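Dear colleague,

I am passing on to you the structure shown below. My notes on what was found in it follow.

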Amino acid sequence: MPQTHAIYAHTGEDVLSSVFQQLDVDDDRLFNITMTFLHEMWDGLNNYGHDMAMIPTFVRSIPDGSEKGTFLALDLGGTNLRVCEVNLHGDKTFSLRQQKYKVSDALKTGEATTLFDYLADSVDAFLTDSGSPNCALPPSLARRNLAEVSDEEDVPYIPLGLTFSFPVEQTALDSGKLLTWTKGFAAKNAIGNDVVKLLQDAFDRKNMHVRCVALVNDTVGALLSRAYTSGGCILGAIFGTGTNGAYVEDMASISKLGRSAAVKEGNLMVVNTEWGGFNNSRSALPSTPYDNKVDRESINPGKQAFEKFISGMYLGEITRNVIVSLIDAAPKPLLFSGHSSKQLNKQWGVDTAVLSEVEEAWEGIGRFAPEDTGSTAEKLEHIRDVIIKRMELPPDSVSLNDADVVRKICTHIAWRAARLSSCAVAAVLFQTGRARLTRGGEETKNTAPLVDEGKRIGVGVDGSLVEHYPYFEKKLRASLRVLVGEDVERRVDIGLAKDGSGVGAALCALVAYRQNMVKQYHTVYEHEVANGVTESRGAEHSAYPDSLART
Ligand code: BGC
């Protein structure tokens, strides 16, 4: 496999300007990408089997901040695995205790049962370390010895919400089949299986009284948690290791659900777009040789095309490819006097955090603050230090001019990611009737009144890029303004859905648990009456645990 994409040109300037030009996405292209995005959204809403899967999530109501309860949540999908206990206070606030666990590459690519056993072990360790759970168990059960309940069916369980941040075709709030792995996961014998069952089987193998009652994607978690804390949200989006968005859709538009029962039960549903898989044909995306190389050498070539332009897992690798091609440029190297390093030659050798650091040094923020001090030469000196350290290059091979070139490459790649991200947000705003698209400053013909005209439009976001990459949101907004106009862009209220995965899973577990609660309560109550533990209290009695009481 070729290690680099060496390039040849008459002058160094020619090469550099051609590289930067390839990485630029002009406004016209942004508009066209957004239109293609909309077409793929419609395809996914009409039929199953598209790469941009537009998955109905069976989440039909959006929290308003009054929800109460304490739930366990398990979150798998990013860099870490997290187990948390989330306490929803019912006043738009929550508290959370959590523990992170590493997921090794061996677990990511081994047998699925081993991975799910590890998930179950992590929950077990969390429950053991944190003492008895404060979760939503009926008090009558919480204080009793589980062994007293003879029938296995009656054994109380701790409800758990699973945030599973991969494409899963849901068939209910608590079941769904894994369509494909992303983000470097490739565990065997998982695709096509129900992930809730895989997890439940692991709990059962260990005789743990934990039941997975809800399954959510992290984007759905971001949407629900932002709605909970801010009183309204129409889109949850992740810009982290991967990228994706979930939004509130009109049931009538999800035509692939046909006349199923779900359609009769409400008029809205959260749809998980799986926009990371947008335009896998790359007909609209601005692919360069550097992107093609990332894709070809990835664990999932031909898949997750949009994600590979945007997310934290890939930006460092695109940058590395550009850098290496400039080192190898002919007839004269254009970086580091032709020197490379082990780190630079290695796939994934440049982390997206390096781009972040370079930009922080340039902007004079983060550890390089305050921004008003420092000449250009000083800033480039800082960038040079970052390059030497993070790319493990000999100091005398890195000039200030090299630092400037690397800085420009990072900025171009991050700008492109933010601009492409804005297409996804604009498409959702258009699809939900909240924006008209503009091209060349002109609004496309559409006279229908806008939904929520003049009102705030809530968007919850999470992920390392949006949280830590310098000015990612600002860049995204600048392009969004081009696509939907200033009035709409200004009303888009983008807020961090911190801990969204945990809080979202808890909110879903609450919905699921409420549905099961009546059944559960009556079973226990009848058991107690039958054993003389409790006197009959009449059929109308409904003493739900405090943690579940509706406000
Ligand atoms: C997955 C999505 C997830 C996103 C962000 C993507 O790779 O397919 O399900 O929401 O990453 O974590």
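I begin with the ligand. A polar side-chain atom of Asn244 is 3.0 Å from a ligand oxygen atom, which counts as a polar contact (a pair of N or O atoms within 3.5 Å; within protein, one must be able to donate a hydrogen and the other to accept it, and residues adjacent in sequence count only if both atoms are side-chain atoms). Please note that this is a predicted model, in which local features need pLDDT of at least 70 and side-chain atom pairs count only at pLDDT 80 or more, while totals for chains, interfaces and linings use all residues. Residues are numbered from 1 along each chain as its sequence is written, and side-chain values use heavy atoms, with hydrogens and water left out.

In total, 15 residues surround the ligand, and the closest are Thr182, Lys183, Asn217, Asp218 and Glu274; a residue is included if one of its heavy atoms lies within 4 Å.

Lys183 belongs to the loop between strand 7 (175–178) and helix 6. Helices (H or I, at least four residues) and strands (E, at least two) are DSSP runs, numbered from the N terminus. Elsewhere, the peptide bond from Ala330 to Pro331 is cis, with omega near 5 degrees, and Pro331 sits in the loop between helix 11 (312–327) and helix 12 (342–345). Most residues other than glycine have a negative phi, and most peptide bonds are trans.

I turn now to helix packing. The axes of helix 4 (residues 112–129) and helix 6 (residues 195–205) come within 8 Å and cross at roughly 60 degrees; axes are lines fitted to C-alpha atoms, for helices over the stretch in contact, and angles run from 0 to 180 degrees between N-to-C directions. Helix 4 is therefore oblique to helix 6 (under 35 degrees counts as roughly parallel, over 145 as roughly antiparallel, 65 to 115 as roughly perpendicular and the rest as oblique). Their contact comprises 9 nonpolar, 1 polar and 2 charged residues (Ala, Val, Leu, Ile, Met, Phe, Trp, Tyr, Cys and Pro count as nonpolar, Asp, Glu, Lys and Arg as charged, and the others, Gly among them, as polar).

Helix 17 (residues 472–484) packs against helix 15 (residues 400–431) at an angle of about 50 degrees, with the axes 8 Å apart. Helix 15 is therefore oblique to helix 17, and the contact between them holds 14 nonpolar, 3 polar and 2 charged residues.

Helix 17 also packs with helix 2 (residues 27–46), at about 75 degrees and with axes 10 Å apart, so helix 2 is roughly perpendicular to helix 17. Here Asp27, Leu30, Phe31 and Thr34 of helix 2 meet Ser479, Val482 and Leu483 of helix 17, where contact means heavy atoms within 4.5 Å.

With kind regards
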